[in-house]
Amino acid sequence: MAFYIMRRLVSVIAVMAVVGIFIFLLLRLAPGDPAAIMAGRDATAEMIADIRERLGLNEPLPVQFVHWSLGILGGDFGTSIFTGRPVLELMSQRLEPTLSLSILTMIFSVTVGVAFGILAAWRTGGLIDRLLTAFSALGYSVPVFVIGYFLIYFFAMRTQWLPVQGYKPIESGLGPWFVHLILPTVALGLGFIAFIARVTRASMLEVLSEDYMRTAAAKGASSYAMLVHHALKNASVPILTVIGISFAYMIGGVVLTETVFNLPGIGRLVVDAINNRDYPIIQSVLILTSGLYVLINLTVDLAYTLIDPRIRY
């Protein structure tokens, strides 16, 4: 196991190096001059040249990449071009809404998705199973922003049960904090519920057809014991895989959700940075989210051995 972890860590370093090169070149070679955008429409050529010199944009790309990489390794993610404030400070101020939305969405998606999948497998061909099939098709096909606008129209504008947009920090109270996150959580989580539920159903059906499950039923095991203690445990490896994939996909969905519901999180910070061509913010967020994606995959692989003792690396 120790050798496997070391080998995976080495591969993580290689992957992050390639990702860093790709992110750096993608932003630098994209059309548009951040110095001209920062200087404004009425700026002269001398003003634009001065800004480029101050930001180091006149240096060759390899030199810029080395400076940026050394800064990242040293914990210096640079300074925002437009605000002049450290990127790490800006990200830390936007971290709470994004973490709150992500954690609530995963709890909501995993709890509801696994429960629906178990019920559909237990009553295969029944009403719950058919409803899950229809819900899965709907969850796969409808984009997050469409669901979000529908929820806003019905639950905020028509019935006025929930706030339309905005965010309340957790220090203002758990009630206001939770109420403002209900609609974003539901909008972002519906697609993941459909995904997790379908995989849970398929995995549970495969396990329920095994001989040892029929033996447990013949010995008089209760439905709860068969579904939870026997079937779910043996079907958990594919379920854990899809949960890890869903968490990684959530990174992209958070950007749309925060934009629709006006949440001041990392996603909104990235959108504003893209519009302003703020290289340091875009690069820092992309490299951190890429690292999080790789870390999630590594964690899921290691968790397999805890769930299924037959898996050894």
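**Exercise 1. Thr 200**

Does Thr 200 count as buried or exposed, and what is its relative accessibility? Work from the predicted model.

*Solution.* 
Step 1. Locate the residue: Thr 200 is found in helix 8.
Step 2. Recall the cut-off: a residue is buried under 20% relative accessible area and exposed over 50%.
Step 3. Apply the cut-off. Thr 200 has 0% relative accessibility, so it counts as buried.
Step 4. List its contacts. With neighbours within four places in sequence left aside, Thr 200 touches Gly 113, Val 114, Gly 117, Ile 118 and Ile 239.

**Exercise 2. Phe 150**

Decide whether Phe 150 counts as buried or exposed, and find how far it lies from Ile 245.

*Solution.* 
Step 1. Phe 150 has its place in helix 7.
Step 2. Its relative accessibility is 52%, so Phe 150 counts as exposed.
Step 3. Phe 150 and Ile 245 are separated by 95 residues in sequence. In space, the distance between their C-alpha atoms is 26 Å.

**Exercise 3. The faces of helix 6**

Describe the length of helix 6 and work out where its buried residues lie around the axis.

*Solution.* 
Step 1. Helix 6 covers residues 127-141, which is 15 residues. From first C-alpha to last, helix 6 reaches 22 Å, close to the 21 Å expected at 1.5 Å a residue.
Step 2. Pick out the buried residues of helix 6: Asp 129, Leu 132, Ser 136 and Gly 139.
Step 3. Consider the spacing. An α-helix has 3.6 residues a turn, so residues three or four places apart point the same way.
Step 4. Look down the axis. The buried residues of helix 6 fall within an arc of 85°, and therefore line one face of the helix.
Step 5. Turn to the face directed away from the buried side. That face of helix 6 carries the exposed residues Leu 127, Arg 130, Leu 131, Leu 138 and Ser 141.
Step 6. Name the packing partners: the buried residues of helix 6 pack against helix 5 and helix 8.

**Exercise 4. The nonpolar cores**

Find how many residues the largest nonpolar core has and which helix supplies the largest share of it.

*Solution.* 
Step 1. The largest nonpolar core has 34 residues, and Leu 181, Met 204 and Phe 261 have the most contacts inside it.
Step 2. At least two residues of this core come from each of helix 5 (87-122), helix 7 (144-158), helix 8 (174-208), helix 10 (223-234) and helix 11 (236-260).
Step 3. Helix 8 gives the largest share of this core, 9 residues.
Step 4. There is also a second, separate core of 19 residues, which includes Ile 23, Ile 72, Met 91 and Val 270.

Key. Residues numbered from 1 in each chain as written. Predicted model: local features only at pLDDT ≥ 70, side-chain atom pairs only at ≥ 80, totals over all residues. Heavy atoms only, no water. Core = buried A, V, L, I, M, F, W, Y, C linked by side-chain atoms within 4.5 Å. Buried < 20%, exposed > 50% of the residue type's maximum accessible area, 1.4 Å probe, protein only. Helix = DSSP H or I, 4+ residues; strand = E, 2+ residues; numbered from the N terminus. Expected span 1.5 Å × (residues − 1). Arc of directions from axis to C-beta. Contact = heavy atoms within 4.5 Å.
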